[in-house]
Each structure stands twice: as structure tokens, then as C-alpha cells.
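Please look at the sequence and the model below before reading on.

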Amino acid sequence: MSPAMLAMTDGEANDVLHDNDDNDESLYQKGVRHLCEKPISKVPGKYILPIEERPLPTKPNSGRAPLISLPVVDFSELMSPSGRSATLVSLAKACENYGFFQLVNHGIPSGVIAGMIDGSTRFFEQPYEERAKYMSSDMTSPVRCGTSFNQSKDRVFCWRDFLKLTCRPMAQVLPHWPHSPADFREVASTYAQETNRLFLELMEAVLQSLGLKPRPLEGEGGSIMKQFEEGSQLMVVNCYPPCPEPDLTLGMPPHSDYGFLTLLLQDQVQGLQIQHREDWVTVEPIHGSFIVNVGDHLEIFSNGRYKSVLHRVLVNATRSRMSVATLHSLPYSCTIRPPPELVDEANPRRYMDTDFASFLKYISSCEPKKKNFLESRKLVT
């Protein structure tokens with residue numbers, strides 16, 4: 001911050017941050033937590049969205065977005081011989097009509113979940129200098145701390161800090177993960193292994209719900225589940241500090257996820273919204289559940305049957321919000337395409353083949369927004 005701003009009163013400095021064209025870009029590159037170390041009463045101009053992109057007002061009787069209760073999938077029923085068939089039908093309907101569902105009775109111990117939220121909170125509560133050790137613009141780095149959505153491309157920043165951790169192969173990436181707080185590696189690696197196990201069991205069900213054989217009989221060819229077992233996993237820890245003017249900005253802009261499935265753990269602070277029937281609706285959290293959403297790769301793989309849906313994150317003025325997303329897909333070297341069973345004359349191929357390299361090239365060349373990557377792969381409308 002410039003010497004002139006340091007000499008101002010807090011109110012004067014806030015006015016400059018709000019109204020100027022944000023001369024000190026480096027301040028915002030350090031993240032929202034760092035920005036808010038000294039109380040601010042206005043959102044800096046760097047974070048103020050154009051009027052048409054702002055969320056609806058959150059004051060009573062002023063257009064507050066409605067709550068939505070997502071379809072609920074009971075994992076214990078999915079794993080039960082007597083309940084699996086009916087639960088597969090519910091799973092398919094959720095993926096077709098919502099692109100999201102809440103997963104309950106998932107089997108991950110509550111201590112693992114609580115430990116991940118607590119460890120993530122303590123990581124972001126550390127001094128900026130500790131978080132700065134992991135700041136990098138290298139998108140292939142096994143650990144990367146940063147801010148906004150794509151801070152090298154975003155014209156307007158999001159009210160969000162993040163920590164991204166590549167999770168596989170664990171033995172190779174774990175030494176690069178943060179070692180402070182002292183228990184963070186142990187807590188986060190345990191959580192990553194548990195969510196990957198859950199993903200594999202869910203993905204087998206998703207394939208079955210599409211009418212596919214997850215594990216073909218001997219002599220029928222390779223198993224796609226074997227590829228998923230060797231697949232990619234990215235953990236994204238999101239921190240959304242309280243925002244003095246939450247109606248002017250977003251925690252994350254409208255976007256879709258690139259992988260097959262994303263498993264989202266969130267605290268009990270509302271913030272996630274999905275686009276359902278062209279309206280933005282706020283997801284009502286269920287304590288102890290995971291929110292699971294279809295990613296771009298699964299929409300491509302299912303030939304458009306399962307929908308990767310736009311979602312965004314609101315912030316609020318009083319409470320910090322924490323979430324942990326794990327994004328799962330095939331190995332980075334694999335090509336994503338629909339299997340022959342899902343393509344015929346009535347359902348022609350809807351998307352070009354894609355891979356992770358195509359995705360990295362796309363987001364490195366433009367400001368990612370909405371479902372532009374998926375749109376760029378379309379063959380038919």
C-alpha cells in the first residue's frame with residue numbers, strides 16, 4: 001500500500017480502495033485474508049462485479065434466492081443388495097435433472113471430516129508469510145495457495161482464498177504439502193484417501209446407472225474402474241472471509257467443474273448456489289453429508305445424459321465459510337470420450353474427445369467463466 005494511503009484514516013483508505021482503479025495490484029494478489037487483517041468497511045474496487053453479474057440482494061423481502069433441497073442419495077442403501085436398484089434409479093434422476101445430490105450415510109468417520117475442516121481453518125489462520133510459501137502461478141505444482149478464481153486472468157477478483165493439493169500419487173506429492181499446522185499432512189492425507197475410496201464406490205454406481213459394466217467379465221476387455229483407481233484427484237480448500245458488502249461480489253463466479261465427480265464438504269454456513277431451471281437457488285446444507293456434483297468429463301462421457309451444472313458461491317458479512325472440494329477424474333493422460341454403448345443414431349456424439357492437457361491450455365489462454373470449456377468441446381447443440 002502506498003505511503004499516502006498509510007497516512008490516511010481507515011475511512012479515507014476504504015474510500016480509495018472502493019473508488020480507485022486499485023493501483024496496488026500486489027495487495028490483492030496476497031489474498032482476501034491478508035486484505036482483511038485490518039478491518040475494512042467497503043469492498044475494494046478490484047472485487048466489485050458489474051451490476052448484471054452481482055448476486056441478488058440478501059435483505060429480507062428483496063429478492064432473496066430460494067433454498068433448494070437437493071435429491072438425497074443414501075450411500076448405505078446404494079451398497080445394500082436390497083436397496084441398490086432403487087437407489088441407482090434415484091442417482092440417475094439426480095444426475096440427469098439436477099447435476100447435484102446430497103450423499104448421506106457415506107461411511108467416512110465424523111472425526112476425519114471434523115479434522116479436515118479444523119485443519120483447513122487453522123491453515124488459513126496462520127500468518128500470511130506461512131501461506132505465502134506455497135503461492136505459485138504454476139498450475140502443475142503439487143501444492144498451490146492463491147486467491148480469486150484464476151488470479152492471473154481474472155479482471156474482477158473473487159472474495160476467496162484457496163489451497164490446492166494434488167493427491168495422487170500420494171507418496172510423491174505428500175512431501176510437498178504444507179507442514180504447518182504440524183498435523184495438517186496427516187489430517188489432509190487421511191481425508192484424501194477416504195474421499196477417493198468413496199469416489200470409486202460412487203463411480204462404479206454411476207457407471208452401472210448408465211447401463212455400463214464397471215468391471216467387465218474376463219475376456220471382455222479392460223476395466224474402466226481400473227483406470228479410475230489410477231486416476232487423478234485434486235483437493236481444493238476454500239476460505240471465504242466475511243465480506244463488508246457481500247451484494248457486490250462473489251466467492252466464486254458461475255462455473256462448472258472439469259472432472260467426473262466433485263465431492264464437496266462444507267461447514268454449516270450457506271453459500272453454495274446452483275443454477276436450476278435457469279434460476280439461482282441456494283443449497284441447504286445437511287449436517288454430515290457430502291454435496292456431489294457431475295463434472296464436465298462425466299457430461300462428455302455420458303454423451304450429455306448427465307449434466308454438469310453451473311454453480312457459484314455467495315459470501316456474507318458476518319461469518320467466515322470453509323469448504324473442501326475433491327475433484328476426481330481419470331489419469332491426466334487419458335482421453336475422455338463416450339463409450340460406444342452410449343452413442344447411436346438417436347443419440348449422436350455431442351462432444352469432441354478431451355483430456356486434461358486441453359483443459360489446461362484452455363484456462364491458460366482466457367478468463368474461464370460459466371461452462372465455456374464444455375461449450376468449446378461441443379459437436380452438436
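## Salt bridges

R349 forms a salt bridge with D353, and their closest N and O atoms are 2.6 Å apart. A salt bridge here is a side-chain nitrogen of Lys or Arg within 4 Å of a carboxyl oxygen of Asp or Glu. The model is predicted: local features need pLDDT of at least 70, side-chain atom pairs count only at pLDDT 80 or more, and totals for chains, interfaces and linings use all residues. Residues are numbered from 1 along each chain as its sequence is written, and side-chain values use heavy atoms, with hydrogens and water left out.

In general, side chains of opposite charge can pair when their charged atoms come close. By the rule above, the count comes to 10 salt bridges. The table lists three of them, including the pair already named.

| Salt bridge | Closest N and O atoms |
|---|---|
| R349 and D353 | 2.6 Å |
| D118 and R122 | 2.9 Å |
| K378 and E375 | 3.7 Å |

Salt bridges that share partners also join D118, R122 and D183 into one network. Both D118 and R122 lie in helix α7 (residues 110-124), four residues apart, about one turn of the helix. Helices (H or I, at least four residues) and strands (E, at least two) are DSSP runs, numbered from the N terminus.

How accessible are these partners? The terms are set by relative accessible area: buried means under 20%, exposed over 50%, and partly exposed in between (1.4 Å probe, protein chains only). R349 counts as partly exposed at 28%, and D353 does so at 27%. D118 is partly exposed at 40%, as is R122 at 26%. K378, at 33%, is partly exposed, and E375 is partly exposed at 42%.

On a 1 Å grid over the protein atoms alone, a cavity is a set of points where a 1.4 Å probe fits but cannot get out, and a pocket is an open set with protein on both sides within 12 Å along at least five of seven lines; lining residues have an atom within 4 Å of a point. Grid points are joined across faces, edges and corners, and a volume is the space filled by probe spheres set on the points.

The largest pocket holds about 1000 Å³ of space. It is lined by 49 residues, of which K164, L234, Y258, L327 and F359 are the closest to its centre. Helix α13 (residues 356-365) gives the largest share of this lining, five residues. By class, the lining has 23 nonpolar, 17 polar and nine charged residues. Ala, Val, Leu, Ile, Met, Phe, Trp, Tyr, Cys and Pro count as nonpolar, Asp, Glu, Lys and Arg as charged, and the others, Gly among them, as polar.

K164 has its place in strand β5 (residues 161-166). K164 is buried yet has no salt bridge, and the nearest side chain of opposite charge, D257, is 9.4 Å away. For charge, Lys and Arg count as positive and Asp and Glu as negative, while His and the chain ends are not counted. Leaving aside residues up to four places away in sequence, K164 touches P142, V143, R144, L234, M235 and V236; contact means heavy atoms within 4.5 Å.

## The cavity

A search of the whole structure finds one cavity of 30 Å³ or more. The largest cavity has a volume of about 50 Å³. Among its lining residues are S232, Y258, H297 and D355. The lining of the largest cavity divides into seven nonpolar, three polar and one charged.
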